[in-house]
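This briefing covers a helix pair, a salt bridge and a surface patch. Please look at the sequence and structure first.

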Amino acid sequence: MNIQSDQSEIFSGADKVKTFLLTSVIWAVLSMTLIGIPFATLGLFAVMGQWVWGRKPELFDVFGDAIRNHWRKALTITTFDLLLGGLLYFNFTVFQYMSLNNMLTMLSLMMTTCVGLTFIGLNIYTWSLIPLLNLSTKNTIKLSVILVFSYPFKSAFIVIVMLIPVIINLFLPAILIFFTVPISAYIAVRGTWWILQLHFNED
């Protein structure tokens, strides 16, 4: 029995738990203001990216570097999200006043749902790629679009798995959202890394 190895695994596990909890706290604190949400999200994805890529993140350095180097991209993406997300939300609210027995209404609802899933998929890839690749905002979005439409079913699978913790949280105390969002972010980055490997291995 290798006691030293077992202790190393325990400490490694404890360190991961500590990092996860601290990341959750930092994300929660920054997200208390609307202007802080894009920066909090950027830092969160950067930390989760370090984990996925097999590195031990220096939490505050990774958070700070991500915000300092990519804050303009984060604000630009957030602006697009607010515009497109608001439009999607409006479309979904309209369906509340329409008869779902109508075939055209059902088709329109299905199309809007597909657009919504695509929108979430684009966000998953975009927020994951910003800390990973030193690309312009335009090229980051372009690569995200390529990944979504090159792997539609795999992208939909990632979206669904990523949303599971958030959906579960709807039946739990609301404060737990500060822990379920980091879990979803980890799933998102892990899924992005998987798709990137498939994409570039094919090339």
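The axes of α3 and helix α4 (residues 103-132) come within 11 Å and cross at roughly 170 degrees. The model is predicted: local features need pLDDT of at least 70, side-chain atom pairs count only at pLDDT 80 or more, and totals for chains, interfaces and linings use all residues. Residues are numbered from 1 along each chain as its sequence is written, and side-chain values use heavy atoms, with hydrogens and water left out.

**Helix pair**

- Helices (H or I, at least four residues) are DSSP runs, numbered from the N terminus.
- Axes are lines fitted to C-alpha atoms, for helices over the stretch in contact, and angles run from 0 to 180 degrees between N-to-C directions.
- α3 and α4 are therefore roughly antiparallel to each other, a term for angles over 145 degrees.
- Residues of α3 that meet α4 include His70, Ile77, Asp81, Leu88 and Phe92.
- On the α4 side, the residues include Leu109, Phe119, Asn123, Trp127 and Pro131.

**Asn123**

- Asn123 lies in helix α4 and is buried, with a relative accessible area of 14%.
- Buried means under 20% relative accessible area, exposed over 50%, and partly exposed in between (1.4 Å probe, protein chains only).
- Apart from neighbours within four places in sequence, Asn123 is in contact with Ile77 and Asp81; contact means heavy atoms within 4.5 Å.
- Between the C-alpha atoms of Asn123 and Val29, which are 94 residues apart along the chain, the separation is 22 Å.

**Salt bridge**

- One salt bridge is found in a search of the whole structure; the term stands for a side-chain nitrogen of Lys or Arg within 4 Å of a carboxyl oxygen of Asp or Glu.
- Asp65 and Arg68 form this bridge, with their closest N and O atoms 2.2 Å apart.
- Side chains of opposite charge can pair when their charged atoms come close.
- Asp65 and Arg68 are three residues apart in helix α3 (residues 59-94), so about one helical turn separates them.
- Asp65 is partly exposed at 32% relative accessibility, while Arg68 is exposed at 53%.

**Nonpolar patch**

- A nonpolar patch on the surface, with about 770 Å² of accessible area together, is formed by Val17, Leu21, Ile160, Ile164, Ile168, Leu172, Ile175, Leu176 and Phe179.
- The elements giving two or more residues to the patch are α1 (3-30) and α6 (152-169); α6 gives the most, with three residues.
- Patch residues have over 30% relative accessible area and no salt bridge, and nonpolar side chains (Val, Leu, Ile, Met, Phe, Trp, Tyr) are joined within 5 Å.
- Accessible areas come from the Shrake-Rupley method with a 1.4 Å probe; for residues, only the protein chains shown count as cover.
- Val17, found in helix α1, is partly exposed, with a relative accessible area of 49%.

Note on methods
Patch = residues over 30% accessible without salt bridge, like charges linked within 9 Å, V, L, I, M, F, W, Y side chains within 5 Å. Parallel < 35°, antiparallel > 145°, perpendicular 65-115°, else oblique.
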